[in-house]
Amino acid sequence: MHAGEESDDGIVPMKPPNKDRTRSAEEAEGSPLTKENTVEPNAVRTQSRAAVSSGLARVRQAARKDKQGRFTALLHHLDVDLLRQSFLALRREAAPGVDGVRWQEYETGLGDRLQDLDSRIHRGAYRAQPSRRVYIPKSDGRQRPLGVAALEDKIVQRAAGLILEQIYEEDFQGFSYGFRPGRSQHHALDALTVGLTRKKVNWVLDADIRGFFDNIDHEWMVKFLQHRIADARMLRLIQKWLKAGVSEQGQWSGTKIGVAQGAVISPLLANVYLHYVLDLWVEAWRKKCARGDVIIIRYADDFVMGFERRADAERFQQDLRERLGKFGLELNADKTRLIEFGRFADSNRKERGKGKPETFDFLGFTHICGKNSKTGYFEVRRKTAAKRMSERLHEIKRQLRQRMHDRTSQTGEWLGSVVRGYFQYHAIPGNRGRLHAFRTSVVRCWRHAIKRRSQKAELDWRRMTALVRRYLPTVRVAHPFPSVRFDAMHPR
C-alpha cells in the first residue's frame with residue numbers, strides 16, 4: 001500500500017515529513033518517532049467495562065498492527081448505540097451543567113433524543129456548551145476549579161473517548177497508570193514499590209507539574225492528536241470542547257489554553273499530551289543520557305522517578321524543566337524534591353551524620369525506607385499520609401454536625417459506608433496502625449456528635465460499642481503485597 005492510501009480499517013500509513021513542509025510535532029519536540037515507541041500490551045477493557053463493538057475492536061487491531069498509521073475514518077463509529085452506552089454509564093446523581101438537564105430528565109424519550117444528537121453530530125450541527133465553573137477546597141486553603149459539562153457533552157465525550165481509547169491504549173507507555181482502563185492507583189503504587197526494591201534506586205525525584213490541566217496548550221494538543229488521527233471531523237469535535245469556554249455566575253469566558261478538570265474527555269487528552277511531552281521523551285532520555293538505572297511511575301500529572309546515580313537525577317531535573325517549558329508547562333518548585341532514598345540511604349546518611357532518610361508522598365501514601373523484620377533486607381513501608389487522614393477526619397466531623405439530628409441508624413449506615421470506602425483504598429499491607437487510628441478517631445467523633453445531640457454528660461460505652469460493632473467495619477488488609485499483584489499483571 002502506497003503512502004496516503006487508505007486501508008479497509010480507515011488507517012493510512014504515516015510517511016516521513018518532507019523538508020519543504022512544516023515539521024511534525026514529534027520532530028519539533030526532539031522526541032523519537034512513533035515507530036521507536038515501546039508499548040506494553042494491556043487488557044482490552046473499556047471505560048464502561050462493556051465489551052467493545054466489532055468496529056472498535058478493528059480500530060484496536062489496526063492501531064496495534066501499525067504504530068505509525070493515522071486513522072482517517074473514526075467518527076462513523078460514534079453512532080446511536082455507542083451514545084446510548086455512554087449515557088447509561090454516566091452517574092445518575094451527577095450535578096447538571098449550564099443546560100440544567102439531569103440524567104433522569106434526559107432519559108425520558110431517550111431514543112428520540114439520541115437520534116437527534118447523532119444527527120447533529122454527523123451533519124456538523126452539534127455545538128459544545130461551556131462548562132459550568134465550580135470550586136472545591138484544596139488542602140492548602142486554595143480552591144481547585146472544576147468544569148461541569150452539559151449532559152449531552154458528557155455523552156458525546158464519553159463516546160468519543162471510547163473510540164480514541166482503542167488507539168491510544170496501544171500507544172501509551174507501561175509506566176503510565178492514570179485514568180486508563182484496567183489500571184488504578186494501586187497498580188501504580190505496586191509498580192513504584194517493586195521498582196524501588198528491585199532496581200538500583202538511590203535517589204527519588206518526587207515531581208509535580210504546576211497547574212497542568214490549566215496550562216495544556218491547544219495548538220500542541222491538536223498536533224499531538226494528529227500523529228494518529230487524520231479524521232478532520234473527529235479533530236473538529238475535540239476542538240469544539242477545547243474552545244467551548246466556561247460559564248461562571250452567568251458570565252462566559254473563552255479558553256485559549258487548558259482543559260476543564262471534571263470533563264469526561266479531559267483525562268484522555270491529558271494522557272495524550274503527557275505521552276508526547278513526557279513519556280516518550282523520558283524513554284529516549286534514559287536510553288541515551290542515563291548512566292545508571294532510571295525508573296518512572298506516572299499517574300496523570302503526578303509522577304515519581306528513581307535514579308541510581310545522583311548526577312543522573314540532577315541532570316534530568318534540569319533537562320525536564322527545559323522540556324516542559326517548550327510546551328507551556330513548568331515544575332512546581334514547592335512540591336518537587338530530590339531526596340536520597342533506597343537500600344543504602346539509611347547507612348549513607350548515618351556516615352554523614354544525618355538523620356533518617358526523607359520520605360515522600362504519592363497517591364495518598366507516605367513512602368518510608370525500612371527493613372524487613374524477618375530478613376533484614378530493605379523494604380518500602382507505606383502508610384496513609386497524615387495530611388490525607390486529617391483532611392478526611394475533618395470532613396467527617398463537618399458532616400456529622402450536619403447530620404446531628406438524623407436517626408442514629410441512618411447516621412450509622414452512612415458512616416459505615418464512608419469507613420468501608422476509606423478502608424477499600426487504604427487497607428494495604430503494613431498500614432494497619434493508621435487504619436486503627438482512623439477508625440478510633442471516627443468512633444470518637446461519632447460519640448461526641450451523639451452526646452451533643454442528647455446533651456448528656458456521659459454516653460454508655462456499652463451502647464456505643466454496640467453501635468460501632470453494628471455499623472462500622474473492622475480493620476483488615478484488603479490488598480495483596482505489591483510484588484504479588486505486580487507480577488500477576490506483568491508475568492514477564
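Two strands count as paired if DSSP finds at least two bridges between them, and strands (E, at least two residues) and helices (H or I, at least four) are DSSP runs numbered from the N terminus. The views below show a predicted model, where local features need pLDDT of at least 70, side-chain atom pairs count only at pLDDT 80 or more, and totals for chains, interfaces and linings use all residues. Residues are numbered from 1 along each chain as its sequence is written, and side-chain values use heavy atoms, with hydrogens and water left out.

**View 1. Strands S8 and S9 form a hairpin.** Let us start with strand S8 (residues 294-299) and strand S9 (residues 302-307), which run antiparallel and are joined by 6 bridges. Across this pairing, Ile297 stands opposite Val304 in S9. The hairpin has 2 residues between its strands, and Ala300 in the turn has a positive phi of about 60 degrees.

**View 2. Four strands make an open sheet in the order S8-S9-S5-S10.** The pairing in this sheet is antiparallel. S8 and strand S10 (337-340) are the edge strands, each pairing on one side only. Neighbouring strands here are turned by 15 degrees against each other on average, direction ignored. Strand S5 (residues 203-208) pairs with S9 over 6 bridges in the antiparallel sense, and Ala207 stands opposite Phe303 in S9.

**View 3. Another open sheet has 3 strands in the order S11-S12-S13.** Its pairing is antiparallel, with strand S11 (360-362) and strand S13 (378-384) as the edge strands. Neighbouring strands of this sheet are turned by 40 degrees against each other on average, direction ignored. Strand S12 (residues 365-371) and S13 pair over 7 bridges, and Ile368 stands opposite Arg381 in S13.

**View 4. The largest cavity has a volume of about 80 Å³.** A cavity is a set of points on a 1 Å grid over the protein atoms alone where a 1.4 Å probe fits but cannot get out, and lining residues have an atom within 4 Å of a point. Grid points are joined across faces, edges and corners, and the volume is the space filled by probe spheres set on the points. How many cavities of 30 Å³ or more are there? The count comes to 2. Helix H14 (408-426) and helix H15 (432-454) each supply at least two residues of the lining of the largest cavity, and H15 gives the most, with 4 residues. Among the lining residues are Leu400, Asp406, Thr411 and Trp446.

Note on methods:
1 Å grid on protein atoms, 1.4 Å probe; cavity = no way out; pocket = protein on both sides within 12 Å on 5 of 7 lines; lining within 4 Å. Axes fitted to C-alpha atoms, helices over the stretch in contact; angles between N-to-C directions.
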